Amino acid sequence: MNNSTLSLRTQPKAVVNWPITILLLIGSSIFILGVLYITLVVALKDTTQMTRVLSLPKPLVLKNFAEAWKMTDYPRKFLNTLIITVICLPFTLITNSAAAYAITRNRDKSKFFNGVYYYFISALFIPFQVLMLPLVKQASFFHLDNILGITFLYIVFGLPMNTFLYCGYVRSLPKSIEEAALIEGLNPMQIFIRIVFPIMKPIHSTVAILSIMWTWNDFLMPLLLLTKADNQTLQLAQYVFQTQFSTNYNLAFASYILVLFPVVAVYIFFQRWIIAGVTSGAVKS
Amino acid sequence: MKNKISFHFYLMILPLVVLFFVLHTFPFLQGLFYSLTNWKGYGPWEFTGLHNYTQMFRDPKIAEAYLFTFKFTICATLLVNILSMSIACGLNAKIKLKNFLRAVYFLPYILGSLVVSYVFKQIFSNIIPVWAKALGIPALSVNILGTNHAWLGILFVTVWQSLAFNTIIYLSGLQSIDPDVYEAASIDGCTGFRTFRKITFPLIAPFFTINMVLCGKGFLMMFDQVLALTNGGPGTTTQTIAVLIYKRGFNGGQFAYQSANAAVLFFVVIGLSLFQMKFLERREKKYE
């Protein structure tokens with residue numbers, strides 16, 4: 001699909017548009033790469049080197065990182081965030097896609113399934129602020145105010161968006177294979193696990209990326225629910241330690257780099273796949 | 001096909017429906033209910049009917065928060081859509097380093113908004129003033145986040161971060177356009193901005209709708225950036241509705257009152273989203 005549109009597009013005289021190329025290069029290097037460059041070099045300097053912000057650090061100061069690492073209890077926070085993200089992902093993919101499959105295949109036949117569809121989708125428009133005050137009480141009542149509990153909440157709270165994405169995709173799948181499998185004697189659950197789930201790969205990747213980005217970077221839900229220091233995530237730790245960074249901003253930047261680095265590293269390796277994943281979800285909707 | 005629905009299908013959704021009701025809908029209904037009481041978040045309470053709502057309309061703090069949030073939402077939505085559409089058109093043009101540039105412009109999306117806000121907070125307070133003094137630009141030589149223009153700083157950071165996702169959506173819209181259309185247009189003598197206005201924009205109208213709705217909804221609920229950059233200050237000049245609900249609801253003993261505020265926010269978001277979808281979809285239809 002992508003290849004054919006690409007080749008079509010290069011057919012007319014392929015003149016490189018240099019003004020736009022240069023404009024985009026300047027924009028990205030000032031506003032995006034420039035900001036990351038500043039963050040990195042400031043983190044690698046000490047206060048005596050700050051007269052010229054843009055210059056390369058000389059000597060390299062690595063003790064900012066060591067200090068930020070110790071001060072924020074980085075390994076613990078990293079592990080917490082990783083656990084939440086890693087547990088949440090497979091459960092989100094399996095449960096949310098199964099629900100969307102059941103909904104899409106029965107919406108025309110049953111008022112109940114159609115109702116569930118609108119029930120989930122309409123929740124897209126409910127601001128989190130409306131339920132966050134009671135949710136905190138609710139979560140402590142069910143003992144969900146810890147790492148595993150919050151994982152659980154992410155799986156459930158992702159439903160509206162994921163139903164929207166998955167249902168759009170399932171609608172485009174041909175029913176004939178499933179009907180054949182039904183005649184072969186497979187039940188709908190087996191059909192879903194063996195046939196439908198595997199062919200949903202493109203939309204799984206969209207949902208996976210959105211889910212990972214959300215759970216890794218979320219700040220509000222951990223702020224409300226993860227009050228114990230041992231449970232805190234990377235983002236929340238930045239908030240908690242903010243006041244202690246105020247006197248030494250080289251240290252602050254080192255801490256920011258520690259939080260940003262894992263995501264950027266993963267992104268560098270998988271960026272094409274990530275962009276394609278998000279795009280395919282966007283086109284479907 | 002038989003009309004009877006296999007119990008397997010119910011098995012696939014019922015647990016999620018129950019969980020979603022217990023963890024999402026129930027707290028939502030509770031929030032609506034508490035908005036009709038005078039509960040502080042602890043201790044005894046009484047049913048007070050619509051008192052919180054009538055009180056809200058006379059509360060200058062709330063009015064200020066709504067005004068600020070609306071002003072902010074309008075500016076951010078316009079800026080994000082104009083810029084992301086331009087960047088998407090650029091990235092879709094015949095350019096060098098296409099994949100590299102796409103990767104760079106999408107980068108902000110993957111970075112957490114809280115940490116990004118902290119990075120910019122440091123840049124605003126410690127780096128830009130030093131440069132501005134050296135270059136002799138008095139307007140920028142103070143930390144913008146401490147001035148009356150603090151909201152411009154928040155606007156900048158928010159737009160910086162939101163651009164990526166909207167750009168991706170516009171880009172996928174642009175790629176769905178058949179290049180033959182452009183060829184036909186150029187044969188008819190259509191060039192430059194006219195092509196964009198008469199062909200590109202109508203064809204990506206559905207993507208414009210999605211982006212406008214997502215932006216409107218997202219910016220009305222702005223939280224992370226404000227909390228990280230100004231904490232609502234200086235004074236309460238940059239306090240968004242979401243920040244106000246959080247601060248007063250949890251620490252100000254205004255659980256019920258802020259629940260009413262949240263309920264109003266809910267109706268505003270719903271209203272705006274429906275209005276946008278209706279209005280923009282009618283626009284889309286015009287082009288069909």
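In what follows, two residues are in contact when they have heavy atoms within 4.5 Å of each other. The structure is a predicted model, in which local features need pLDDT of at least 70 and side-chain atom pairs count only at pLDDT 80 or more, while totals for chains, interfaces and linings use all residues. Residues are numbered from 1 along each chain as its sequence is written, chains are lettered from A and ligands numbered from 1 in the order in which they are written, and side-chain values use heavy atoms, with hydrogens and water left out.

Chain A can be taken first. It contains 14 helices and zero strands, where helices (H or I, at least four residues) and strands (E, at least two) are DSSP runs, numbered from the N terminus. The C-alpha trace of chain A spans about 75 × 65 × 30 Å along its principal axes. Its radius of gyration is 24 Å, whereas a compact globule of 285 residues would have one near 19 Å; the radius is taken over C-alpha atoms, and the globule rule is 2.2 Å times the number of residues to the power 0.38. Of the 285 residues in chain A, 53% are buried, a word that stands for under 20% relative accessible area, with exposed for over 50% and partly exposed for what lies in between (1.4 Å probe, protein chains only). Among the contacts in chain A with a separation of 6 or more, 69% are between residues 24 or more positions apart.

Chain B has 12 helices and zero strands. Its C-alpha atoms fill a box of roughly 80 × 75 × 35 Å, taken along the principal axes. In this chain of 288 residues, 54% count as buried. Residues 24 or more positions apart make up 71% of the contacts in chain B with a separation of 6 or more.

The two chains meet in several places. Two packed helices are described by the angle between their axes and the distance between the axes. Helix α2 (residues 18-43) of chain A packs against helix α5 (residues 113-135) of chain B at an angle of about 85°, with the axes 12 Å apart. That makes α2(A) roughly perpendicular to α5(B), a label for angles of 65 to 115 degrees, while under 35 counts as roughly parallel, over 145 as roughly antiparallel and the rest as oblique. From α2(A), the residues Val35(A), Ile38(A), Thr39(A) and Val42(A) meet Val119(B), Phe120(B), Ile123(B), Ile127(B) and Trp131(B) of α5(B).

Single residues also reach across. His24(B) lies in helix α1 (residues 7-34) of chain B. It is buried, with a relative accessible area of 6%. Neighbours within four places in sequence aside, His24(B) is in contact with Ala123(A), Ile126(A), Leu131(A), Phe157(A) and Leu19(B). Pro127(A) sits in the loop between α5 (111-122) and α6 (128-141) of chain A. This proline is buried too, at a relative accessible area of 0%. Residues up to four places away in sequence not counted, Pro127(A) touches Met221(B), Leu265(B), Phe266(B) and Val269(B).

The C-alpha atoms of Arg272(A) and Pro134(A) are separated by 41 Å, and the two residues are 138 residues apart along the chain.

How values were computed: Axes fitted to C-alpha atoms, helices over the stretch in contact; angles between N-to-C directions.
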